[in-house]
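Me: I should like to learn how to read a structure of this kind, one feature at a time. Could we begin with the overall dimensions of a chain?

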Amino acid sequence: MELIYEKSKPGRRAAVLPRRTVPAATIPSELRRSAPPRLAEVAEPDLVRHFTELSTRNFGIDTGFYPLGSCTMKHNPRANERAVEVPGFRDLHPHQDADAAQGALELMWRLQEILAEVTGLDAVSLQPAAGSQGELTGLLLMRAYFEDRGEHRSEVIIPDTAHGTNPASVTMAGLELVDVATDERGNVALDDLRAKVSEHTAGLMLTNPSTLGLFDEGIVAITDTIHEAGGLCYYDGANLNAVCGISRPGDMGFDVVHINLHKTFSQPHGGGGPGGGPIAVRGFLEPFLPIPAVTRDGDRFDLDAHRPLSIGKVRGFAGPFGVFIRSYAYIRRYGPRLREMSEAAVLNANYLLKHLREAYDVPYDRICMHEFVVSAQSLKRNHGITALDVAKRLMDYGFHPPTIYFPLVVAEALMIEPTETEAKETLDAFVQAMLAIAEEAREQPDQLHEAPRSQPVGRLDEVKAVREPVLRYLFEGHPRRE
Amino acid sequence: MSRGESYPDDLRYNRDHDWARLAGDEAVLGITWHAQDALGEVVHYEPPTVGGRVVAGESYGEVESVKAVSDLIAPLSGVVLAVNSEVMNAPETINADPYGAGWLIRIALSDPAEVGSLLDAAAYRSFLAEQ
């Protein structure tokens, strides 16, 4: 399809600006452009058709099954949107006095209470904008805590299955990385962990269940090992969808947890946000949480900025409020049955795993949690078909591909997370597609290398995209058509 | 074995899929056919600085493919004498010729006895077969 710039005709407009009734501002000549910006010039019908057509090229959870591992692409209930549109929430201004925002503050306070209960911890800050910022906030809290105690601890231990954000957050927080290996059952290798802890250990960052979709069988021994060395335990809540109402990070021994509201508690995501990454902590870390804190005094709710030990603000105002409303609405609709959400997510994942093992390698042969990793290693060895080929071919069957080549400890990895909101028929159709692709790999491997064939664009040249990136429209190559 | 797969007998290997070609008290380092195959097409090579130290078992640089960024794990310790600037300009050389033009650095060995802990080609092939 043509780009909007290619549809441009000089003089066409989709809107007419009102006549100016005030004097024009004087802009210093050095700040003025020498020529007007080259904006696309189109009439409204063309504008509407252009963007409507673009929207039909999109794939989202509203158009199909989206089993992107570790991303928890679940259905976003429309009731959430009704809650967001309540005028008292929708029309609120972030500078409004607490007196005039009692309902909003109460919702935030209640959400904090729920998240403290779900994580098994004492205090919550809703402020971080996403999981990655939750990680950084959590690590800055750990740093502030040790500085306050006069301890010099700089090392954070991270397993080789960790999300890439974990080592990035450690580096951004000015701390040092120490790797710990994974054992043959997919757990953290305890011997290696015991060899890595020392008086320099600030803590551990762990996702449980891990990115392999496995609940660590030695979880208490792991957190005990860190605590005995004087460190703190950070729980990456990316996979919290597996355990809500069943087991709690606080009970596993974790001191700091971030929660991906947009994943576990439903908020449209995948296009860049807005996300929500609240953190929950043990009581002894509460004084270091970001300001302002949402507090309750009887029937009165407030924003409290008086926390002398706080690490400060990590985001503007009180956090991504729209996300809070949707997550609160989502959780309240489950109520005390929240564990059914996680149970169904785990059941769906195990149902898929059981059927896919016929045709794909299973590197860690265990009951999985809400997601699992299979490998295309045998397909590659026997037929030259890689995880990338399988993923691209799935698009021809109408499914979004799973996460591939992650975690790095599994060769030719395909990481699949169905979530709880998919019906058995959808899961069965996905199984049929995956088995059909494995069959195609044996019978007609060359066709798989060309997939996808039914999509607006075919196989993209990822190597060229990295080596010769074109990041903007090249006006130089497209002279203005008069 | 897949097409093009080879593990020359004159090299020594570590379990992180790096090789060393010994010449007196120097060694040339690179990554194995298996490593470049697992990575896929390499799009960037981040070398160490000439004159810097590399330590056996620790990272001395990075290679990046469209799939992942991977640490280069030094099989031997020493001081960097040279880095392969041609690979910096054309990282795909690592895929095309991992044992020849795709070499990564040359070092002066600081502890030649470390060679004893490396695998020969037969042992590395058995190690790969177990993976």
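Reply: The radius of gyration is taken over C-alpha atoms, and the globule rule is 2.2 Å times the number of residues to the power 0.38. For the 131 residues of chain B, a compact globule would have a radius of gyration near 14 Å; chain B has 13 Å, which agrees. The C-alpha trace of chain B spans about 35 × 35 × 20 Å along its principal axes. Please note that this is a predicted model, in which local features need pLDDT of at least 70, side-chain atom pairs count only at pLDDT 80 or more, and totals for chains, interfaces and linings use all residues. Residues are numbered from 1 along each chain as its sequence is written, while chains are lettered from A and ligands numbered from 1 in the order in which they are written.

Me: What is the mean pLDDT of chain B?

Reply: Where pLDDT is low, the predicted coordinates should not be read in detail. pLDDT is the predictor's confidence in each residue, from 0 to 100. In chain B the mean is 94, and 98% of the residues reach 70 or more. For the complex, the predictor gives an ipTM of 0.79 and a pTM of 0.90.

Me: How many helices and strands does chain B contain?

Reply: Helices (H or I, at least four residues) and strands (E, at least two) are DSSP runs, numbered from the N terminus. Chain B has 4 helices and 9 strands, and from the N terminus on its elements run β-β-β-α-β-β-β-β-β-α-α-β-α.

Me: Which strands does β6(B) join by bridges?

Reply: Two strands pair if DSSP finds at least two bridges between them. Strand β6 (residues 59-65) of chain B is joined to β4 (residues 42-46) of chain B by 4 bridges, and the two run antiparallel; here V42(B) stands opposite S65(B). A hairpin of 3 residues connects β6(B) to β7(B).

Me: What share of each chain is buried?

Reply: A residue is buried if 20 or more other C-beta atoms, placed from the backbone, lie within 10 Å of its own, exposed if 12 or fewer, and partly exposed in between. Buried residues make up 40% of chain B and 41% of the 482 residues in chain A. For chain A, a compact globule would have a radius of gyration near 23 Å; chain A has 25 Å, which agrees.

Me: Where chain A meets chain B, how many residues are in contact?

Reply: Two residues are in contact if their C-beta atoms, placed from the backbone, lie within 7 Å. By this criterion, 7 residues of chain A are in contact with 6 residues of chain B. The chain A side divides into 5 nonpolar, no polar and 2 charged residues. Here Ala, Val, Leu, Ile, Met, Phe, Trp, Tyr, Cys and Pro count as nonpolar, Asp, Glu, Lys and Arg as charged, and the others, Gly among them, as polar.
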